[in-house]
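These notebook entries set down, in order, what I looked up in the structure shown here.

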Amino acid sequence: MSEAISALNGKVAAGEVTVREAGLRGMIILRGDLSDKKLRKVCTALTGVKVPEQGQANCDGDKGLCWMSPDELLVLVPYAEATQAVTTIEAALSGTHFLAENVSDARAVIFVEGRFCREVIAKLAPVDLHPDTFQPGDFRRTRLGQVAAAFWMLDEDTFEVICFRSVAAYTFDLLAASAKAGAVGMFPTPE
Amino acid sequence: MLTLRCPYCGVDADETDLHGEGQAHLKREGPGSSDEDFEDYLFMRENPKGVHFERWRHAYGCGKYFHAARCTSTLQVFGTYSAQTLEPPQDIKDKISGARPGWS
């Protein structure tokens, strides 16, 4: 087996807001009936977090569940556990209508950390990121610049962004440029 | 700029998040239909000034198709609703009637 390397191999653009590629992360696309008890149970067993409500992400370290659409979840696990996690899901849901696929190597994860991280993202996405409407735990699939991406807030100073691996370099450069350009001052920033 | 609320995500999606998919509530004419009906189904579209029903796809979001009722001249959006329906739901019709009495 060849050695797995993430899209940007942990590249960092340090600054007042730091953009950092997260390295390898296990990501599984799970499509199925999200109200199904078996599905909810296996997701929680794998990640230790509750199945998120519409438009939410529940994350804990490397693990988490993100609401992608009414019939789709993104299951986040440590990279080394992804293959086993798919096997576990397949065993648990056997006989029902579902699809689970390990997409870890097809995606990239980027952290945006710092005081005005909200504005770094807000400059690039057609999303209202005002603190009144977007809070830690909220999850949004949209676009960043010209490419599809999804993001959620881990805390007031941290966004986690996922995008396709093929556009990881573009997304990283875009976020880094937005961070370098500085704060706009649209949103009240935490002290 | 048009902003439509995706009925599946519950988010206000910007026009650039969406993809327009043309007129809503078309009845498909398949094998066995007359040539005239098939031509109507394939090519003939309404082009109203006023109330219009459209299909949209939340392309950068959940990827689902939904329907929107809006006015083509003022860009007023009356509402969005699930694509799993043959005609606009009553609450949407009521909203349009409130804003555009006598619409058809």
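**Entry 1. Conventions.** I take helices (H or I, at least four residues) and strands (E, at least two) as DSSP runs, numbered from the N terminus. I note that this is a predicted model, in which local features need pLDDT of at least 70 and side-chain atom pairs count only at pLDDT 80 or more, while totals for chains, interfaces and linings use all residues; side-chain values use heavy atoms, with hydrogens and water left out. Residues are numbered from 1 along each chain as its sequence is written, and chains are lettered from A and ligands numbered from 1 in the order in which they are written.

**Entry 2. Chain B as a whole.** I looked up the secondary structure of chain B and found two helices and six strands. Along the sequence, the pattern reads β-β-β-α-β-β-β-α. The C-alpha atoms of chain B fill a box of roughly 40 × 35 × 25 Å along the principal axes. Of the 104 residues in chain B, 34% are buried; buried means under 20% relative accessible area, exposed over 50%, and partly exposed in between, with a 1.4 Å probe and protein chains only. I also looked up contacts (heavy atoms within 4.5 Å). Among those in chain B between residues at least 6 apart in sequence, 47% join residues at least 24 apart.

**Entry 3. The sheet of chain B.** I recorded an open sheet of four strands in the order β3-β4-β5-β6 of chain B, with antiparallel pairing. Two strands pair if DSSP finds at least two bridges between them. β3 (19–23) and β6 (77–82) of chain B each have a single partner strand and stand at the edges, so one side of each has no neighbour in the sheet. On average, neighbouring strands of this sheet are turned by 30° against each other, direction ignored. Axes here are lines fitted to C-alpha atoms, for helices over the stretch in contact, and angles run from 0 to 180 degrees between N-to-C directions.

Within this sheet, β4 (residues 51–57) and β5 (residues 65–71) of chain B run antiparallel and are joined by seven bridges. R57(B) has Y65(B) in β5(B) as its bridge partner. Helix α2 (residues 90–99) of chain B lies across β4, β5 and β6 of chain B, at about 170° to β6(B).

I then checked the loop between β5 and β6 of chain B, where L75(B) lies. L75(B) is not a glycine, yet has a positive phi of about 65°. Its relative accessible area is 46%, so L75(B) counts as partly exposed.

**Entry 4. The sheet of chain A.** Chain A has an open sheet of six strands in the order β1-β2-β8-β11-β10-β9, with antiparallel pairing. The edges are held by β1 (12–13) and β9 (139–144) of chain A; each has a single partner strand, so one side of each lacks a neighbour in the sheet.

I followed the pairings one by one. Six bridges join β9(A) to β10 (residues 147–155) of chain A, and T142(A) stands opposite A149(A) in β10(A). β10(A) and β11(A) form a hairpin with two residues between them and pair in the antiparallel sense over six bridges; W152(A) stands opposite E160(A) in β11(A). β8(A) and β11(A) pair over seven bridges, also antiparallel, with F164(A) in β11(A) as the bridge partner of R107(A).

Why is β11(A) largely enclosed by the rest of the structure? Six of its seven residues are buried. Helix α4 (residues 168–180) of chain A lies across β1, β2 (17–21), β8 (107–114), β9, β10 and β11 (158–164) of chain A, running at about 170° to β2(A).

**Entry 5. Two helices of chain A.** I looked up how α1 (residues 37–47) and α2 (residues 82–93) of chain A pack: their axes are 9 Å apart, at an angle of about 155°. That makes α1(A) roughly antiparallel to α2(A), a term for angles over 145 degrees, where under 35 is roughly parallel, 65 to 115 roughly perpendicular and the rest oblique. The contact involves K38(A), L39(A), V42(A) and L46(A) of α1(A), and A85(A), T88(A), I89(A), A92(A) and L93(A) of α2(A).

L93(A), in helix α2 of chain A, counts as buried because its relative accessibility is 0%. L93(A) and K38(A) are 55 residues apart in sequence and 6.6 Å apart in space, C-alpha to C-alpha.
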